[in-house]
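Have your viewer open and your selection tool ready.

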Amino acid sequence: MTKQQANWSPYDNNGGTCVAIAGADYCVIAADTRMSTGYSILSRDYSKIIQLADKSLMASSGFQADVRALQKVLAARHLIYQHQHNKQMSCPAMAQLLSNTLYYKRFFPYYAFNVLGGLDSEGKGCVFTYDAVGSYERVGYSSQGSGATLITPFLDNQLKSPSPLLLPAKDAVTPLSESEAIDLVKTCFASASERDIYTGDKLEIVILNASGIRREYLELRKD
Amino acid sequence: MFRNQYDTDVTTWSPAGRLFQVEYAMEAVKQGSAAIGLRSKTHVVLACVNKASSELSSHQKKIFKVDDHIGVAIAGLTADGRVLSRYMRNECINYSYTYESPLPVGRLVCTQRSWKRPYGVGLLIGGLDESGAHLYYNCPSGNYFEYQAFAIGSRSQAAKTYLERKFETFVDSSRENLIKDALFALRETLQGEKLTSSNCTIAVLGIGEAFSTLDQETVQRLINEFEVVGEDPPAEAAAAPDQSDGAEPGPAAAAADDDDQETPAADQGAAPMDI
């Protein structure tokens, strides 16, 4: 008597890839804009990046319905924080909040693979990377999603950041300039789009620095 | 005599059909320091007097942001006011979460519980929705009314008299004039004390403008522009007139001002307060 398998899953994978790189005084977050299901494309122009606070951006790949619900919960929690503290949440605070929110649903997780990027209280770039249930770490760069397996080794080659376990603690930010980091990101996605069927269409890049926030777009392969 | 028998419990009616606990709660509102609200078609201005309990302490916050499009000014038991503000903020957040649109103000105004004591605070709720700007007054009885302009708290009658004279002009008033009228109305409640940015708070919201509290510099500048200073009290001895057009406001309560006899400026001077 074999165990009966579920014939319905509450989850779906909408594909897509996210990347974030932290610099000395900037942070770059990028994600493709393709949303798929199975072998079909649902949208060529769906943004996976959201601004949660003044200095925090989140990009998430995975099941976009769960991603959207997660974004709404974080936005509501941020409003409450602002009412209580009269100020915006810092990026490290938002990082902890995201971790707690994900673990809250430990036994029915948000199918969301997140990277959080922004500026910390000293103005330096910070990137936090997560798994689906909230385990997180501050890193110098990160990639999540269907193209992550193609992009991460490349970023390791270009940017290898020091281990957070090293003593004395070394800065996790990359020595690259802002424009170099943006070019690197564009290269990552151009390459990933070649081989990953779930990544392509358009690339949305958001850059956060002391002067504020700005967006760039790049066309990617549409096949 | 009858009043005392039926006033212990909020759930007991008096033979005359009154709930005394609720009426007593409304008295608490009259004890609080004044709060004023006015609205035009496009803006709402909330203003309140900051009364510190002693010179050593700071004043309590009486104007709260509930959402980008809703603000509330309270008079009475400020602690109760804060509880209600927190509840209203939650309601707005939950509504936006579910409907992805701002909570219509009219839905916010019903908040009483029957098994606890009534809230001892009056709320002036200013908000924006699709039909424009609104001002509501919510009293401890749970009733709410919509107003063009209203004042609550101690010495609010003076402000109401001013507002009753001018309210017909508010509908089409500009943002600046609305604030100016709020300052004038606020001055009426001070009755002799000088109006400065340190004893009042002003908040504005409007179409295209999220709720915000004006900072002290802006308020002082507006007070100076509109020459909204305290009036001479009737028969105080040795009043020391202050200049009313932007010069340094003199220390209002110092008796040493008696020595200064400068020519009074066009409008009025402020007399030191005897406390």
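Before the first stop, a word on burial: buried means under 20% relative accessible area and exposed over 50%, with partly exposed in between, using a 1.4 Å probe and protein chains only. Helices (H or I, at least four residues) and strands (E, at least two) are DSSP runs, numbered from the N terminus. This is a predicted model, in which local features need pLDDT of at least 70, side-chain atom pairs count only at pLDDT 80 or more, and totals for chains, interfaces and linings use all residues. Residues are numbered from 1 along each chain as its sequence is written, chains are lettered from A and ligands numbered from 1 in the order written, and side-chain values use heavy atoms, without hydrogens and water.

Start by selecting strand β8 of chain B, residues 149–152. A149(B) and A151(B) lie on one side, F150(B) and I152(B) on the other, and all of them are buried, so both faces are covered. In a regular strand, side chains alternate between the two faces of the sheet.

Strands pair if DSSP finds at least two bridges between them. Look for A35(B), opposite I152(B) in β8(B).

Now pick P15(B), in the loop between α1 (2–5) and α2 (20–31) of chain B. Is P15(B) buried or exposed? Its relative accessibility is 62%, so P15(B) counts as exposed.

Finally, move to T101(A) in helix α2 (residues 91–104) of chain A. T101(A) counts as buried because its relative accessibility is 10%.
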